[in-house]
Amino acid sequence: MDEIESVTLIESTKSWNGKDLPKYPEGKPKITILKITIPPQSRLNIHRHPVINAGVLTKGELTVVDEDNETLVLKAGDALVELVNSCHFGENNGDSPAEIIVFYAGTDELPITVEENKKYSDCYSAWKSS
């Protein structure tokens, strides 16, 4: 390759399920980038993100399910704009680890992820079998 190349992996004003992204919160900006590895045949806890975030699946396959039971199946190389303040979970139904790099644009005061308490959360009503 002799020339510099720039490829837009994703650009959107909406999350992957079509809902509009919220305004950025007030406060001191804080950027976080995580590499998350999900073992084969495992599922993340139901959670939500109070901040705008986006990711790229670098290895494996990952299925994301929102509170309306809409699903998104990601394969290595796929990008997504994640849900904000909406309960969801990801699961790796494959036989190899799934690895995703996620970029969070938040503030000092806000957590990037809030796990939902099964006993007290309204989120669990969407997944009766959880």
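Is Asp-20 buried or exposed? Asp-20 is exposed, with a relative accessible area of 55%; exposed denotes over 50%, buried under 20%, and partly exposed the range in between (1.4 Å probe, protein chains only).

All views show a predicted model, in which local features need pLDDT of at least 70 and side-chain atom pairs count only at pLDDT 80 or more, while totals for chains, interfaces and linings use all residues. Residues are numbered from 1 along each chain as its sequence is written, and side-chain values use heavy atoms, with hydrogens and water left out.

**View A. The salt bridge between Lys-14 and Asp-20.** The N to O distance of this pair is 2.5 Å. A salt bridge is a side-chain nitrogen of Lys or Arg within 4 Å of a carboxyl oxygen of Asp or Glu. Lys-14 is partly exposed, at 34% relative accessibility. The whole structure contains 6 salt bridges.

**View B. The open sheet of 4 strands.** The strand order is β1-β9-β4-β7, with antiparallel pairing. Strands are DSSP runs (E, at least two residues), numbered from the N terminus, and two strands pair if DSSP finds at least two bridges between them. The edge strands, β1 (29-38) and β7 (79-81), each pair on one side only. Strand β4 (residues 52-59) is joined to β9 by 7 bridges, and to β7 by 3 bridges. Leu-57 has Ile-100 of β9 as its bridge partner, whereas Val-56 stands opposite Ala-79 in β7.

**View C. The largest nonpolar core.** A nonpolar core is a set of buried Ala, Val, Leu, Ile, Met, Phe, Trp, Tyr and Cys residues joined through side-chain atoms within 4.5 Å. This core has 13 residues, and Leu-57, Leu-62 and Ile-100 have the most contacts inside it. Strands β5 (61-66) and β9 (98-107) each supply at least two of its residues, and the largest share, 4 residues, comes from β9. A second, separate core of 5 residues includes Ile-46, Val-65, Cys-87 and Phe-89.

**View D. The salt-bridge network of Lys-35, Lys-59 and Glu-99.** Glu-99 forms a salt bridge with Lys-35, the closest N and O atoms being 4.0 Å apart. Because Glu-99 lies in strand β9 and Lys-35 in strand β1, the pair ties together parts that are 64 residues apart in sequence. Glu-99 is buried, at 13% relative accessibility, whereas Lys-35 is exposed, at 57%. Lys-59 stands opposite Glu-99 of β9.
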